[in-house]
Amino acid sequence: MATPHPVAFPDGFLWGASTAAHQVEGNNVGSDLWHAENDGSGTLRDRSGDACDSFHRWPEDLDIARDLGLNAYRFSVEWARVVPAPGHPSAAMLDHYRRVIEGCAERGLTPVVTLHHFTNPAWLRAEGGWTSGEALTHFTEYVRAVLPILDGVRWVCTINEPNMVAMMVARRRHAADGEVPAFVVPDPGVTAALTRAHEAARELLASVPGLRSGWTVANQNVQDHGAGPDRTAEMSYLIDDQYIDVAKGDDFLGVQAYSRMRAGERGLIVPGPDDRRTMMGWEYYPRALEDTVRHTAARLGGSTPLLVTENGIATGDDDERIAYTGEAVLGLAHALADGIDVRGYLHWSLLDNYEWGSWEPTFGLVSVDRTTFRRTVKPSARWYARLVRDPEATLRQGAAS
Ligand code: BGC
């Protein structure tokens with residue numbers, strides 16, 4: 001690793017870790033995914049079940065984040081819990097999430113709160129999901145219910161990875177038609193509905209003093225490997241850029257980067273046995289973060305600050321996690337040195353958690369025993385703690401080894 005640029009992160013830079021409700025809380029029984037996990041169809045390999053029991057053990061999770069010296073923690077509020085039945089928000093659940101927000105403040109952690117991280121209430125799915133006539137009204141009612149507990153919160157992600165949400169709907173439709181296209185175009189109807197929901201949420205959130213809101217994009221990082229610049233740009237527009245464009249003028253945009261997509265002459269080049277791959281089957285590509293931060297900043301033309309809301313690797317080899325993250329953060333430092341406005345880095349993920357249908361891929365800095373729920377801080381977490389304390393020395397050490 002060469003380090004030609006200075007490695008410096010501005011004062012107030014957020015260093016944290018991310019989680020999402022369905023992946024860590026456990027027994028999210030009112031959500032659409034819980035139903036899919038338990039409907040007997042076997043389409044999903046594993047059930048989320050008790051997950052990491054973070055619904056009860058969140059104070060322990062926050063203690064770990066604090067003890068590692070982090071100053072930020074990203075988590076999501078679960079719509080299905082807050083609004084278990086349409087029109088009837090739960091005061092007790094709102095209270096629960098308020099306690100988590102206050103728990104962050106008590107530990108010196110800046111909460112980064114996501115309002116929608118993939119799961120919907122099962123009742124919304126029954127009504128037809130995001131493209132049903134009432135979805136926008138339901139979502140704004142949910143956001144309105146959450147507003148009072150956001151007092152003092154500075155960072156709110158409205159919708160996590162709208163491009164993935166719209167892509168998953170398109171993928172389900174293709175599957176129902178017996179098709180498995182290599183390149184899935186996100187569903188335009190869902191994209192339009194999510195864009196309206198994001199904008200409506202931002203309008204409501206603007207009433208909370210000091211609160212910054214934005215959505216997060218799953219940056220696919222499409223690169224030209226023979227497809228030619230026009231086709232590459234078209235693919236990038238369909239799966240990334242149209243969602244980045246929505247963020248022009250927002251308070252921030254969340255960047256979420258893991259790997260890249262290679263656009264070849266005959267379609268996507270799927271990572272094969274010759275490529276180094278992660279437990280997700282994705283190409284091992286730590287430069288993803290720098291690439292996407294640069295691409296996103298250029299696309300936004302400086303109109304919107306960035307926050308890295310996810311970056312990490314599914315691996316069973318903790319040294320590989322350290323190597324990947326070190327290289328990714330070094331690339332981020334290079335982008336910052338070139339003047340790109342990035343406000344923080346939140347690693348995915350604090351915990352080994354439920355990876356949307358499977359317990360196999362491990363993204364966590366901390367492992368969790370699935371029966372006792374005992375948390376064990378991994379060496380990568382201790383390394384991350386050192387990085388947060390002294391990024392320059394830690395990254396240069398990594399570069400030298
Ligand atoms: C999602 C996370 C997920 C991670 C790794 C992102 O798409 O926001 O929920 O666990 O990537 O797949």
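In what order do the eight strands close into a barrel, and is the pairing parallel or antiparallel? The order is β1-β2-β3-β4-β5-β7-β10-β11, and the pairing is parallel, where two strands pair if DSSP finds at least two bridges between them, and where strands (E, at least two residues) and helices (H or I, at least four residues) are DSSP runs numbered from the N terminus. From one strand to the next, the twist averages 25°, an angle taken, on a scale from 0 to 180 degrees, between N-to-C directions of axes fitted to C-alpha atoms, for helices over the stretch in contact.

This is a predicted model, in which local features need pLDDT of at least 70 and side-chain atom pairs count only at pLDDT 80 or more, while totals for chains, interfaces and linings use all residues. Residues are numbered from 1 along each chain as its sequence is written, and side-chain values use heavy atoms, with hydrogens and water left out.

The ligand is surrounded by 14 residues, the closest being Q23, H117, E161, E310 and E355, where a surrounding residue has a heavy atom within 4 Å of the ligand. This shell divides into seven nonpolar, four polar and three charged residues. The table gives polar contacts, which are pairs of N or O atoms within 3.5 Å.

| Side chain (N or O atom) | Distance to a ligand oxygen atom |
|---|---|
| H117 | 2.8 Å |
| W348 | 3.3 Å |
| W356 | 2.9 Å |

Taken alone, the ligand exposes 310 Å², of which the protein buries 94%, with areas from the Shrake-Rupley method and a 1.4 Å probe.

Definitions and conventions
Polar contact = N/O pair within 3.5 Å; in protein donor to acceptor, adjacent residues only side chain to side chain. Nonpolar A, V, L, I, M, F, W, Y, C, P; charged D, E, K, R; others polar.
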